Amino acid sequence: MSEHPRPLPALHWDADRYARDARFVADMAGPVVALLAPQPGERILDLGCGDGALAAQLVAAGARVVGVDSAPEMVTAARQRGIDAHLVNGEALTFLAEFDAVFSNAALHWMQRPVAVIEGVRQALRPGGRFVAELGGEGNIATIVAALSAALTARGVEPSSALPWYFPSSATYRALLEAAGFAVSEIALHRRPTPVAAGATGWLDTFAGGIFAVLPEGERATARAEVIACIAPSRPASEGPWMADYVRLRFRAVLPDAAASPS
Ligand code: BEZ
């Protein structure tokens, strides 16, 4: 894919809405935290730390954590939790050989320049350091992407100019990691249908509301209603919460140790 950032609509995060309607993002991160296996005293960078819920778990495990996020609202929320959080663009990291691990959950799919991200991570890690992350992978939220694409196309907007997500296959992401010098010890897609207590409307407004800003103001409410009708046809509440068709790409990749690299 091209490393030229697409001119996408600006995204605005509402930290209170996120805390209310997106708690499941951190609650379902057990497998990637287990894959990271944070150790006491380790220095860990949480890339795309959001409101710091997972960074706080890493701190509780004894790690020394720095969080970065490109959304000022989220950096504020993370600091309120006591996290050492900074406003940093994940595509332009400037840390140099400072961390034992870089961790990321549900953030890398918002970054359109994966080569720049991976290079920044490589530079941030010490020799032997690891990069452990989970992001939306190939096929993630396919139903939602199809509904948004239809609503945009019907109004003359090319979906790729408005949808802000990057959902790579495991082969693609493995190749990018290996090209940067990582040894990939684990990478796989995991289908994970995800119950969303806030329903389809809550999901859309939390994660995709800004997309409708590419449409003329008079079109936005109708387009949003079309998408909701498409992804959440009416169903009895007894069927349980609405499910989002998530597919996660989870990986662990390690840099060569200094002792093992040629002098
Ligand atoms: C995800 O975690 O897969 C995701 C969240 C919001 C928008 C798109 C994808």
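The structure contains zero disulfides, a disulfide being a pair of cysteine sulfur atoms within 2.5 Å. The model is a predicted one, in which local features need pLDDT of at least 70 and side-chain atom pairs count only at pLDDT 80 or more, while totals for chains, interfaces and linings use all residues. Residues are numbered from 1 along each chain as its sequence is written, and side-chain values use heavy atoms, with hydrogens and water left out.

Cysteine 49 is buried because its relative accessibility is 7%, whereas cysteine 230, at 48%, counts as partly exposed.

Cysteine 230 also takes part in a helix pairing. Helices (H or I, at least four residues) and strands (E, at least two) are DSSP runs, numbered from the N terminus. Helix α7 (residues 142-153) packs against helix α10 (residues 217-231) at an angle of about 145°, and their axes lie 9 Å apart; axes are lines fitted to C-alpha atoms, for helices over the stretch in contact, and angles run from 0 to 180 degrees between N-to-C directions. From α7, Thr143, Ile144, Ala147, Leu148 and Ala151 meet Ala223, Glu226, Val227, Cys230 and Ile231 of α10, contact meaning heavy atoms within 4.5 Å.

Turning to the strands, arginine 192 sits in β6 (residues 183-196). With a relative accessible area of 17%, arginine 192 is buried. Leaving aside residues up to four places away in sequence, arginine 192 touches Met28, Glu134, Ala244, Tyr246, Val247 and Arg248.

Key: Buried means under 20% relative accessible area, exposed over 50%, partly exposed in between (1.4 Å probe, protein chains only).
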